[in-house]
Amino acid sequence: MLALLGQLAACVGPAKAPNSPRTKEASQASAKSVPLALACSTPAPETCFNATDDNCNGLIDEGCGSPLGPIQVVAAWADVEADVELVVIDPNLEASEVGHFVASGLTKDRDCPGEGALCKGINVEHVTLPEGEPLRGTYTVRVSLERLGTSGSPVKVRLGFHFGPRMYAYGVRLKQVGEAAVFRADL
């Protein structure tokens, strides 16, 4: 069963943990994040590219061309010039990469805003396990600001997690380049 172990952000202070690969990155979190919903409670029509399970069916942005699967992590933001990076680290401590499957099966679909027409002016990144049984253990989700956009600071990011039957949604405000919010989920 999935249990959200916690988010690490400036509003609660940096983590005090030994220097291990699993905790070092988490101790660098510095963004303010706010839980938007820990479960879907009122079904509504699905809205595309908002990183939310609007219709309460356990999937994020389905019917929008988004990759789906037993694990789904989605980050979406409105400022098309801002560059936000979504990384999911699996229990083997492998990080998701665009177009590459790590040993656990996780993959990242694109890096927005990106080159060419890949993102088409819609900034949303997905990390999914498209099929198969999810690897048991701790998953780390990191969202960071790589570049400010034309709207300036803060860049508002919606972050949705779908780990098996459990759903989480957060609003993250990233104010400066290099700022990050880190979340952990145990499956």
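**Confidence**

The model is predicted. The mean pLDDT of the protein chain is 77, and 76% of its residues reach 70 or more. Among the elements, strand S4 (residues 83–89) has the highest mean pLDDT, 95. Helix H1 (residues 21–24) has the lowest, 33. Over residues 1–30, pLDDT stays under 50. The model has 61 contacts beyond four places in sequence for residues 1–30.

Start with strand S8 (155–163). Is S8 enclosed or open? Seven of its nine residues are buried, so S8 is largely enclosed by the rest of the structure.

S8 pairs with S3 in the antiparallel sense, over seven bridges. In this pairing, tryptophan 77 has valine 157 of S8 as its bridge partner. S8 also pairs with S9, again antiparallel, over nine bridges. Here glycine 160 stands opposite alanine 169 in S9. S8 and S9 form a hairpin with two residues between them. Glycine 164 sits in the turn, with a positive phi of about 60°.

In a regular strand, side chains alternate between the two faces of the sheet.

**The nonpolar cores**

The largest nonpolar core has 31 residues. Which of them touch the most other members? They are Val141, Val157 and Leu159. Several strands give two or more residues to this core, including S3, S4 and S6. S8 gives the most, with five residues.

Valine 157 shows how such a residue is surrounded. Leaving aside neighbours within four places in sequence, valine 157 is in contact with Ala75, Ala76, Trp77, Val84, Val143, Tyr170, Gly171, Val172 and Leu174. Another core lies apart from the largest one. This other core has six residues, among them Ala51, Ile60, Val74 and Met167.

**Two disulfides**

A disulfide is a covalent bond between the sulfur atoms of two cysteines. The model holds two disulfides. The table sets them side by side.

| Pair | S to S distance | S-S torsion |
|---|---|---|
| Cysteine 48 and cysteine 64 | 2.1 Å | about -85° |
| Cysteine 112 and cysteine 119 | 2.1 Å | about -100° |

With a torsion of about -85°, the disulfide of cysteine 48 and cysteine 64 is left-handed. The disulfide of cysteine 112 and cysteine 119, at about -100°, is left-handed as well.

Cysteine 48 and cysteine 64 form a disulfide. Both cysteine 48 and cysteine 64 lie in the loop between strand S2 (32–37) and strand S3 (71–77), so the pair ties together parts that are 16 residues apart in sequence. Cysteine 48 is partly exposed, at 36% relative accessibility. Cysteine 64 is buried, at 14%.

**Around arginine 110**

Arginine 110 lies in the loop between strand S5 (107–108) and strand S6 (123–129). Is arginine 110 buried or exposed? Its relative accessibility is 12%, and a residue under 20% counts as buried, so arginine 110 is buried. Its side chain reaches the backbone oxygen of valine 124 at 3.0 Å. Beyond four places in sequence, its contacts include Val98, Leu118, Cys119 and Glu125.

**Aspartate 90**

Aspartate 90 lies in the loop between S4 and S5. Aspartate 90 is buried, with a relative accessible area of 0%. Its C-alpha atom is 6.8 Å from that of threonine 138, a residue 48 places apart along the chain. Threonine 138 is also among its contacts. Others include Val102, Ser104, Leu106 and Tyr139.

Two cis peptide bonds come next. One runs from cysteine 112 to proline 113, with omega near 10°. Proline 113 is in the loop between S5 and S6. Another joins serine 153 and proline 154, with omega about -5°. Proline 154 is in the loop between S7 and S8.

Alanine 51 has phi near 60° and lies in the loop between S2 and S3. Alanine 51 is buried, at 1% relative accessibility. Leucine 93 has phi of about 65° and lies in the loop between S4 and S5. Leucine 93 is partly exposed, at 40%.

Technical notes:
Residues numbered from 1 in each chain as written. Predicted model: local features only at pLDDT ≥ 70, side-chain atom pairs only at ≥ 80, totals over all residues. Heavy atoms only, no water. Disulfide = S-S within 2.5 Å. Helix = DSSP H or I, 4+ residues; strand = E, 2+ residues; numbered from the N terminus. Buried < 20%, exposed > 50% of the residue type's maximum accessible area, 1.4 Å probe, protein only. Polar contact = N/O pair within 3.5 Å; in protein donor to acceptor, adjacent residues only side chain to side chain. Contact = heavy atoms within 4.5 Å. pLDDT = per-residue confidence, 0-100. Core = buried A, V, L, I, M, F, W, Y, C linked by side-chain atoms within 4.5 Å. Pairing = 2+ DSSP bridges.
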